[in-house]
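Take a look at it, then read on.

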Amino acid sequence: NEELAKTVDTNDEWIRERTGITQRHIAAEGELTSHLATEAAQKALEKAGIAAEQVDLIIVATSTPDETFPATAVKVQHALGVKQGAAFDLNAVCSGFLYGLSVAETFIASGKAKTVVVIGAETFTRILDWTDRGTCILFGDGAGALVLQAETGTDRGILHTEIRSDGEFAPILRTQAGVSMTQTAGFVQMEGKEVFRHAATKMADSVELVARECGFTTADIRWLVPHQANQRILQATAKRLNIDDERVIMTVDKHANTSAASIPLALSIAADDGRIKAGDLVATPALGAGLTWGSCLIRW
């Protein structure tokens, strides 16, 4: 935060008070989204004890790919030494990882894949206007990954996913340029108050929906692991769900908003430090540009 205060009209106290963010990470020069995605996938596969030869599908959720094409996912596939199956990118911005889980669940349920690696990876700082205080303080770079595998005779895993979108609200969170429009990537633009209004209500509603579809109430949810947009949105979502802050995984303070990477980063941190345990009921709501939103209910 102190570094940003040297270039824009802000300070550490102002940023902490409004967002809860204390720091963010920026990819090194020459470090690409595919590099971050590959490292996250390698760690996830190692923890799962799964070899590259077992992977049927790789999904990379990102809105900051290495290049327009080919997909970042095929570069990850090659780096991991995966020679079979398929790999593709998916862009639902901050809801990207959630959308990726929904696609992975469908592939597994249909029998078209047994082992799927879903990755959220972003170098979001490369589409920021560092003179725009309203956006540059909010975002960071990062990646996280989850391995999903078909398994019978258990109630663990993904129980239900629900994804939605409504293009009417696309103008409130967007880049002002793009390959087809301007032949450039463009910078992030956001109407913060409007995004906040939609985020808290839509994420809360989606959690209630997936819980209800599975015969649960929000009181049954052990951990809420939302998209890490900012602390105020997380707290407002939890309040609407009547979930105490102690049951909300908040990691936005340490890595800011990493878009599609934020949910898998938060899951990884909370699983590693022992908060999320086997058998816990976990809800992962998100809202992103589009607008896109939804939630996934997982029995860890």
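Val282 sits across from Ile298 in strand S11. This is a predicted model, where local features need pLDDT of at least 70 and side-chain atom pairs count only at pLDDT 80 or more, while totals for chains, interfaces and linings use all residues. Residues are numbered from 1 along each chain as its sequence is written, and side-chain values use heavy atoms, with hydrogens and water left out.

**Strand S11 and its partners**

- Strands here are DSSP runs of E with at least two residues, helices are runs of H or I with at least four, and both are numbered from the N terminus.
- Strand S9 (residues 281-283) runs antiparallel to S11, joined by three bridges; two strands pair if DSSP finds at least two bridges between them.
- Strand S5 (residues 157-165) also pairs with S11 in the antiparallel sense, over eight bridges, and Ser165 stands opposite Thr292.
- Strand S10 (residues 286-288) makes three antiparallel bridges with S11, with Gly288 opposite Thr292.
- In the hairpin of S10 and S11, three residues lie between the strands, and Gly290 takes a positive phi near 145°.

**Burial**

- Eight of the eight residues of S11 (residues 292-299) are buried, so the strand is largely enclosed by the rest of the structure.
- Buried means under 20% relative accessible area, exposed over 50%, and partly exposed in between (1.4 Å probe, protein chains only).
- Thr292, Gly294, Cys296 and Ile298 point one way from S11, while Trp293, Ser295, Leu297 and Arg299 point the other way.
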